[in-house]
Amino acid sequence: MSPDRLIYMANQIGKFFESQGRGKAVPGIAEHIKKFWDPRMKRAIFAHLDAGGAGLEPDVREALASLKATSLPAAP
């Protein structure tokens with residue numbers, strides 16, 4: 001799936017949660033992506049985030065950063 005499509009999808013999820021306020025939107029976005037996106041999609045959006053995250057809305061960017069931090073395996 002193209003990065004543009006993933007950005008669009010992530011921002012649409014963000015728009016859905018936007019009315020709940022930032023305190024609920026950010027964890028809601030992260031939880032939705034965690035539950036419903038397959039690992040390839042998550043890897044691709046995390047790579048886009050690492051490359052600067054152009055096009056991602058601020059709440060979506062924060063949600064992805066928090067999800068990425070909790071998705072990484074623990075260091076030995």
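Visitor: Is the crossing of α3 and α4 left-handed or right-handed?
Guide: Left-handed is the label for the way α3 and α4 cross. Bear in mind that this is a predicted model.

Visitor: Which residues make the contact?
Guide: From α3 come I45, F46, L49 and D50, while α4 brings R61, L64, A65, L67, K68 and S71. Sorted by class, the residues of this contact are six nonpolar, one polar and three charged.

Visitor: Why are α1 and α3 called roughly perpendicular too?
Guide: Helix α1 (residues 3-18) and α3 pack at about 95°, with 10 Å between their axes. The range is 65 to 115 degrees, and therefore α1 and α3 count as roughly perpendicular to each other. On the α1 side L6, I7 and M9 take part, and they meet M41, A44, I45 and H48 of α3. This contact has six nonpolar residues, one polar and no charged ones.

Visitor: What makes residues of α2 count as buried, and which are they?
Guide: Buried means under 20% relative accessible area. In α2, A25, V26, G28, I29, A30 and I33 are buried. Those buried residues pack against α1, α3 and α4.

Visitor: How far does α2 reach?
Guide: Its 15 residues (22-36) reach 21 Å from first C-alpha to last, close to the 21 Å expected at 1.5 Å a residue.

Notes: Residues are numbered from 1 along each chain as its sequence is written. This is a predicted model: local features need pLDDT of at least 70, side-chain atom pairs count only at pLDDT 80 or more; totals for chains, interfaces and linings use all residues. Side-chain values use heavy atoms; hydrogens and water are left out. A crossing is left-handed if the near helix is turned anticlockwise from the far one by less than a right angle, and right-handed if clockwise. Helices (H or I, at least four residues) and strands (E, at least two) are DSSP runs, numbered from the N terminus. Contact means heavy atoms within 4.5 Å. Ala, Val, Leu, Ile, Met, Phe, Trp, Tyr, Cys and Pro count as nonpolar, Asp, Glu, Lys and Arg as charged, and the others, Gly among them, as polar. Axes are lines fitted to C-alpha atoms, for helices over the stretch in contact, and angles run from 0 to 180 degrees between N-to-C directions. Angles under 35 degrees count as roughly parallel, over 145 as roughly antiparallel, 65 to 115 as roughly perpendicular and the rest as oblique. The expected span of a helix is 1.5 Å times one less than its number of residues. Buried means under 20% relative accessible area, exposed over 50%, partly exposed in between (1.4 Å probe, protein chains only).
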